[in-house]
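Me: I am new to this one. Please walk me through its aromatic rings and the reasons behind each label.

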Amino acid sequence: MNLGSVLSAMPGAAPVSGLDYAWRWSPNPMFTFTAALSTESGHNLQVNVRGRYDEVLVAALLAHARAHDGTFVGQGRPLMAVGGFHHDGTDFDTVGVAAPEVHGYHATENPELSAVTYAVFPAYASEISGRENEEEAWGRFRKMLQPNKLDRAEMPFVKMRYDNTRTQSMSKGDARGFAPLDTLVRELELLDGAPGSFVEWENRHGAVWRVDSTGDALELTHDASQEPVVPDRLRAVARTSVQ
């Protein structure tokens, strides 16, 4: 398959200004797709955008991904982060990359193209560990990260479990599951005055924190050390821990 010929032949495809071997097309007014060949021209790097489109930002994302494609092409990881990204006017500091088994781009209409396509999207360093398994990567990419929005909010990597004796709210099972940072903060705030309750969470580096409520106090455990913590400090602890 000649990737350049396939991509340039997409309905309405036009070259991307300032980026060689890259094309943009819109399957409908809501979506804009932009694709660029990898360094060796054997893979398609693609940004799908829903809503507001910024060609300069998209071209910068693809250029950064192409310049570092040796860090993710053929590495066998379903979700990866390419750091060191910067673009004026945005806070994104990372380029996210999802493998074919996660993104599903072109999977129905052209499985051969899908198999050599990496989804590229604007991201934050706090969001991707690079250790996600296929199921976790699929959930993060499709349900939490909103990779097709160029103006999305940061969604830090948070895996948590909890049990609150006062609200009777709890997570399912013993494993930590992905959750929004706001959920972590809310459950930490509900610990005060709920003896026997706990919240345990993990960041992208695999570091773990746990807060237990004894009724009279809150105990924070991290790095094998334990200390009392006041409720007002928990929000800052949570937000700092996931950066």
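Me: Why does phenylalanine 31 count as partly exposed?

Reply: Its relative accessibility is 22%. Buried means under 20%, exposed over 50%, and partly exposed lies in between, with a 1.4 Å probe and protein chains only. So phenylalanine 31 is partly exposed. This is a predicted model, where local features need pLDDT of at least 70, side-chain atom pairs count only at pLDDT 80 or more, and totals for chains, interfaces and linings use all residues. Residues are numbered from 1 along each chain as its sequence is written, and side-chain values use heavy atoms, leaving out hydrogens and water.

Me: How many aromatic pairs does a search of the whole structure find?

Reply: The search finds 8. Rings of Phe, Tyr and Trp (its six-membered ring) pair if their centres lie within 6.5 Å; planes under 30 degrees apart are stacked, over 60 edge-to-face, the rest tilted.

Me: What makes the pair of phenylalanine 31 and phenylalanine 33 tilted?

Reply: Their centres are 6.3 Å apart and their planes stand at 55 degrees, so the pair is tilted. Ring pairs also link Trp25, Phe31 and Phe33 into a cluster.

Me: Is phenylalanine 33 buried or exposed?

Reply: Phenylalanine 33 has a relative accessible area of 17%, so it is buried.

Me: How do you know that lysine 159 lies over the face of phenylalanine 178?

Reply: Lysine 159 is 5.4 Å from the ring centre. The rule asks for NZ of Lys or CZ of Arg within 6 Å of the centre and within 35 degrees of the ring normal. Arginine 210 likewise lies over the face of phenylalanine 198, at 4.1 Å from the ring centre.
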